[in-house]
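Trainee: Before we go through this protein together, could you show me the sequence and the model?

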Amino acid sequence: MKYTYSIALSIALIAGTFAPYDFAAASSTCEELVTTCFVSAPEERDECIQAASATSECESSSIHTLVTKRAQFATITQAPQDGPAFLGPQIVNQRCLTQFDSTWSAALVNGSISKESASSLSEALDACAKSEAPALPQL
């Protein structure tokens, strides 16, 4: 019996690795999907948020713009199909992004996010892209 349990647990863990973001069974709103991402491991969070942003629940949500913007900050991204490559790599302050995730997670746990809160969170996320930008030399 002990070995049967071990085998069943191993199979469940392996199956979970192949379909880690099966959101349909777990959540019904975009807020719940994103909250699920915040309780996942930090190295999986970006991929989870990217997957959540593509769901129909988030596409019709009031926080869709914020979810999409946060997904763009993900370190695990696919190569853009027709993006402007001449802009070069975008620098993101990871500490700022971690603080943003904590703030957003707390807001989601406290209830639905108002338009003012979403706007404030969006501005905070924009600041994460600017905070490590290299200073241009003065000529």
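Mentor: What follows is a set of questions and answers on this model, which is predicted.

Trainee: How many helices and how many strands are there in the protein?

Mentor: Read from the N terminus on, the elements of the protein run α-α-α-α-α-α-α-α. The count that goes with this order is 8 helices and 0 strands.

Trainee: Among contacts between residues at least 6 apart in sequence, what share joins residues at least 24 apart?

Mentor: The protein has 139 residues, of which buried residues make up 29%. Among the contacts between residues at least 6 apart in sequence, the share that joins residues at least 24 apart is 69%.

Trainee: Are helix 3 and helix 4 roughly parallel or roughly antiparallel to each other?

Mentor: Two packed helices are described by the angle between their axes and the distance between the axes. Here the axes of helix 3, residues 30-38, and helix 4 come within 8 Å and cross at roughly 170°. Because angles over 145 degrees count as roughly antiparallel, the description for helix 3 and helix 4 is roughly antiparallel.

Trainee: Is Arg 45 buried or exposed, and what is its relative accessible area?

Mentor: Arg 45 has its place in helix 4, and, leaving aside its neighbours within four places in sequence, Arg 45 is in contact with Cys 37, Phe 38, Ser 40, Arg 70 and Asp 101. Since buried means under 20% relative accessible area, Arg 45 counts as buried, at 14%.

Trainee: Which backbone oxygen does the side chain of Thr 55 reach?

Mentor: Thr 55 is placed in the loop between helix 4 (42-53) and helix 5 (56-59), and at 13% relative accessibility Thr 55 counts as buried. At 2.7 Å, its side chain reaches the backbone oxygen of Ala 52.

Trainee: What distance separates the C-alpha atoms of Ala 127 and Asn 93?

Mentor: Ala 127 lies in helix 8, residues 115-130, and is partly exposed, with a relative accessible area of 35%. Ala 127 and Asn 93 are 34 residues apart along the chain, and the separation of their C-alpha atoms is 8.8 Å.

Terms used. Residues are numbered from 1 along each chain as its sequence is written. This is a predicted model: local features need pLDDT of at least 70, side-chain atom pairs count only at pLDDT 80 or more; totals for chains, interfaces and linings use all residues. Side-chain values use heavy atoms; hydrogens and water are left out. Helices (H or I, at least four residues) and strands (E, at least two) are DSSP runs, numbered from the N terminus. Buried means under 20% relative accessible area, exposed over 50%, partly exposed in between (1.4 Å probe, protein chains only). A polar contact is a pair of N or O atoms within 3.5 Å; within protein, one must be able to donate a hydrogen and the other to accept it, and residues adjacent in sequence count only if both atoms are side-chain atoms. Contact means heavy atoms within 4.5 Å. Axes are lines fitted to C-alpha atoms, for helices over the stretch in contact, and angles run from 0 to 180 degrees between N-to-C directions. Angles under 35 degrees count as roughly parallel, over 145 as roughly antiparallel, 65 to 115 as roughly perpendicular and the rest as oblique.
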